[in-house]
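Morning, everyone. Please look at the screen, and I will walk you through one structure.

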Amino acid sequence: MSKHYIFFTRNVLPQPEAHIIHDVNTANAAANLGYPAILVYIQQGKKALNPLDWFYPFRPKKPSEELINFYNIQDKLKVIPLSMPSPISEKGGKWTHPSTYVCKYYFPVHIFPHTKILHTLDWNLVKTAIRAGIPVIYEREHDRNGKYEPEIVNSPLFQVAITVADSVRENMIQNGMPPEKIVKLHLSYNQSFLVRQPEAAAEWRKKLLVDAREHLVVYSGGLYKFKGVDLLLDVAKELPRLQFAFAGGNKTQLKAYRQLVQEKQVKNAIFLGYIQHERLPSLLQAADILAHPHLSGQAATFTSPLKFFEYLASGTPIVASEIPPLREFKTANIVAGWCETDSVAAYTRALKQALETHPRKVEGYSEQIEFARQFSWESRLAKIMSYVDESLQPSIVY
């Protein structure tokens, strides 16, 4: 019986959160590299009511068109949705929590017999896998409260722990993770961001550049104050001749920020909502400047901004605040402008200067695009596999 490279995310798909985009794209990259990759995720609502899915869940299939378009998945990845009908939910108690069914039933009975190696951010499932004799790749994006079980992290089946920031690495060590098993790797971008889309980019500019404005500034990512969204709105008010477009956010955030724009009377800012991954590359290529105005604070110490690498791949000039995880890129000469954090005046100056020194190129800035190639999800996955014992690696089948 053939064994698979299993990825698990304890989430209902599709959703736009960065950690879910990470999960989907990591699995997609493994499939693109030829591994027999299967992404396992949670299914709820009416779709979870088929008894066949409860008792025979291991039936890998192609992702739905909705998932393919939402995440721009290529054609090799297979998926398995695990049905969790009511009353199973995250709000339930121990016996009605999805993790219970994942770790006590679905994986031990149906998934592990087909698993060569497991790749996940879910610590509960990591423990279940190691105890069942399944090798594991563990990812950790944020600090953890609580110690790691020594018998798990010291097991030879525990292959590698991947994190995105030095601060998270230190937290993991303090909680008992062996330092030699931790590898720091940045997040990545979908290979579709490298494909030039000049016609679609031109359509975005035609749509967004209104009231005789000539320059377009785009922000893509979560609509959170700590990411600098409020700061960027204040910058927009200082530069009324520029058009600012924000891509991302959920319904609640969009409603709040659209109301804030009216209250602040910022007439040159528009909130586009979540843009599916198949359309996002052309929006980034349409911009004159891509904005990365992340504020200082705790969140700035452990972030590995997904959008920064998507920005790089677009070839569009970037203006970024100097947060710790990005400082290593200052010497690479790939960012049009750097500025101190938390300052509207500093970001405004950097933006104005970048527009003068880095005029928009339809073809993008080649040095930036070439630099970005090392940060594709496929490159990241290949690095991860280099830390896995060869005997435990799944065979390449494509």
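First, the ground rules. This is a predicted model, where local features need pLDDT of at least 70, side-chain atom pairs count only at pLDDT 80 or more, and totals for chains, interfaces and linings use all residues. Residues are numbered from 1 along each chain as its sequence is written, and side-chain values use heavy atoms, leaving out hydrogens and water.

Now the salt bridges. A salt bridge here is a side-chain nitrogen of Lys or Arg within 4 Å of a carboxyl oxygen of Asp or Glu. The count is 13.

Take Asp122 and Arg10. Their side chains meet in a salt bridge, N to O at 3.2 Å. Asp122 sits in the loop between β4 and α5, Arg10 in strand β1, and 112 residues separate them. Helices (H or I, at least four residues) and strands (E, at least two) are DSSP runs, numbered from the N terminus.

Next, Arg380 and Glu139. Their closest N and O atoms are 3.0 Å apart. Arg380 is in helix α16 and Glu139 in strand β5, so this pair ties together parts 241 residues apart in sequence. Are these two buried or exposed? Both Arg380 and Glu139 are buried. Buried means under 20% relative accessible area, exposed over 50%, partly exposed in between (1.4 Å probe, protein chains only).

Last, helix α7, residues 166–174. Val168, Asn171 and Met172 are buried there. Down the axis of α7, its buried residues fall within an arc of 100°, so they line one face of the helix. That arc is taken from the directions from the helix axis to the C-beta atoms. After α7 comes Gly176, with a positive phi near 105°.
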